[in-house]
Amino acid sequence: KTLAGRSCSAPSKVNNVVFDVKCHPAIVRRQGDICFAKERNLMEQNNCYLEEEKLFRLMLKFSIPCVLSMLVGALYNIIDQIFIGNSSIGTIGITATSVVFPMITIAMAFGLMLGDGATAYLSLCMGKRESDKIGKAIGSAITIAAGIGVIFWIAGYSALDRILNFLGAKTAESMATSHEYAFWILLGLPFTILGTSLTPIVRADGAPKVAMASGLSGCLLNIVLDWLFIFPMHMDVAGAAIATTIGNIVSFLIVFQYLFHTKSFQLKASDFVPDLPVIGQIGKLGFSSFLTQLSIVIITIVSMNMLAKYGAQSKYGANDPQAIIGMVMKVFTIAVNLAVGISAGCQPIFGFNYGAGRYDRVRKLLAWSCGACCASASLQQFYSRRSRRRSSAFSGQIHRTRRSIWNLAQGRCASICC
């Protein structure tokens with residue numbers, strides 16, 4: 001029957017049988033509301049284990065893949081240095097990767113700020129049972145990340161030499177090699193930012209293994225291409241940069257395709273229009289991740305410029321000391337990423353339980369995660385005492401690493417992890 005003299009033709013499906021009936025638009029909307037409510041109930045059931053599962057088991061499930069992903073991220077630059085250091089270009093190639101390192105880190109800082117902020121927002125919404133707000137936050141974060149990537153493209157290619165000089169490329173040799181490496185790295189920075197943003201979102205959606213697979217796939221591909229481009233093809237630093245860029249693009253594509261199979265939210269075209277209040281909330285929640293990466297950038301830039309100035313006045317020259325500090329900073333990022341991986345892995349659990357009002361679980365998880373970070377710092381401190389002899393893996397030409405520099409690295413590793 002029709003209601004109020006209005007009708008529409010709509011096929012109805014009941015128990016897999018299709019009936020062609022006349023129904024009122026209000027009935028169609030009601031059926032849509034029921035379907036949406038069922039989908040939302042399923043999403044809430046999929047995430048209720050964050051509130052009910054044992055905390056230690058949850059921490060292991062989320063933190064281990066996250067730590068592995070973060071370590072893989074640190075390995076990207078280390079792999080480049082190992083292959084370049086053992087190639088024909090040697091020390092000056094390591095200097096070039098050390099000069100460009102802050103550029104990559106600041107790009108990742110923006111990606112982590114948006115990704116971790118959106119992750120915290122997603123977890124809070126799930127805890128409050130407000131899953132309808134998640135899509136807009138994720139879509140806005142993706143749009144802003146893409147915009148920042150385009151800005152890096154434009155600013156980087158338009159003033160590359162000036163940027164490299166500011167980062168510490170003070171000699172003609174280091175400037176030329178750094179320019180060659182940075183040219184190809186810049187090409188992949190938008191994908192690096194987007195991939196870094198999406199990885200914690202995928203992890204918070206209940207797929208930490210997908211996030212881990214993304215990083216591992218890019219890293220393994222980077223290793224193979226590094227060897228291929230540097231040794232058989234003799235492309236030196238350009239080959240290392242191209243391999244890194246291809247690895248980052250592959251990692252991005254893996255997490256990007258997951259957006260079509262999400263559990264807690266569904267993205268619509270309108271979600272990609274940035275919502276300024278939501279972006280503000282994401283920025284606040286992710287600002288601590290940005291500061292962590294920014295501190296590494298500041299330390300590296302200051303160190304590189306000081307070593308270029310005073311190294312030039314010594315018998316070692318400007319390039320070798322910069323290569324040495326670059327090696328130390330790469331090892332330093334491993335220690336930082338161990339602690340960041342533990343905390344980032346626990347973030348969805350923190351956010352969900354805080355949003356759900358389970359503050360007792362939040363306090364217990366805080367104790368577990370702090371204990372894990374302290375254990376990580378202690379292990380790193382013990383390992384760093386034996387790491388000086390392993391510096392030859394980066395380059396057979398560098399034998400001037402000072403004990404004081406390594407001691408400085410040990411102290412920074414322990415303090416950052418704590």
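At 15% relative accessibility, Ser-289 counts as buried, and in this predicted model the residue lies in helix 10, which spans residues 276–311. Leaving aside residues up to four places away in sequence, Ser-289 touches Leu-112 and Asp-116. The buried label follows because a relative accessible area under 20% is what the term requires.

From this single residue we can turn to the packing of whole helices. Two packed helices are described by the angle between their axes and the distance between the axes. Helix 4, residues 91–127, packs with helix 7, residues 172–204, at an angle of about 15°, and their axes are 8 Å apart. Since angles under 35 degrees count as roughly parallel, helix 4 and helix 7 are therefore roughly parallel to each other. The crossing that helix 4 and helix 7 make is right-handed.

Helix 7 also packs with helix 5, residues 134–158; here the axes come within 9 Å and cross at roughly 165°. An angle over 145 degrees counts as roughly antiparallel, and helix 5 and helix 7 are therefore roughly antiparallel to each other. As helix 5 passes helix 7, the crossing is right-handed. On the helix 5 side, the residues that make this contact include Ile-138, Ile-142, Ala-145, Ala-146, Gly-149, Phe-152 and Trp-153, while on the helix 7 side they include Phe-183, Leu-186, Leu-187, Pro-190, Ile-193, Leu-194 and Ser-197.

The next topic is charge pairing. Side chains of opposite charge can pair when their charged atoms come close. For this model, the count comes to two salt bridges. In one of them, the side chains of Asp-271 and Lys-268 meet with an N to O distance of 3.9 Å, and Asp-271 is buried, with a relative accessible area of 6%. In the other, Arg-358 pairs with Asp-360, and the closest N and O atoms are 3.5 Å apart.

A search of the whole structure finds zero disulfides. Cys-373 is accordingly in no disulfide, and the nearest cysteine sulfur, which belongs to Cys-370, is 6.5 Å away. That separation does not qualify, because a disulfide calls for a pair of cysteine sulfur atoms within 2.5 Å. Cys-373 is buried, with a relative accessible area of 12%, whereas Cys-374 counts as partly exposed at 41% relative accessibility.

His-234 is found in the loop between helix 8, residues 208–230, and helix 9, residues 236–258. Although His-234 is not a glycine, it has a positive phi of about 55°, and at 61% relative accessibility His-234 counts as exposed. Asp-236, whose place is in helix 9, also has a positive phi of about 55° without being a glycine.

Methods:
Residues are numbered from 1 along each chain as its sequence is written. This is a predicted model: local features need pLDDT of at least 70, side-chain atom pairs count only at pLDDT 80 or more; totals for chains, interfaces and linings use all residues. Side-chain values use heavy atoms; hydrogens and water are left out. Buried means under 20% relative accessible area, exposed over 50%, partly exposed in between (1.4 Å probe, protein chains only). Helices (H or I, at least four residues) and strands (E, at least two) are DSSP runs, numbered from the N terminus. Contact means heavy atoms within 4.5 Å. A salt bridge is a side-chain nitrogen of Lys or Arg within 4 Å of a carboxyl oxygen of Asp or Glu. Axes are lines fitted to C-alpha atoms, for helices over the stretch in contact, and angles run from 0 to 180 degrees between N-to-C directions. Angles under 35 degrees count as roughly parallel, over 145 as roughly antiparallel, 65 to 115 as roughly perpendicular and the rest as oblique. A crossing is left-handed if the near helix is turned anticlockwise from the far one by less than a right angle, and right-handed if clockwise.
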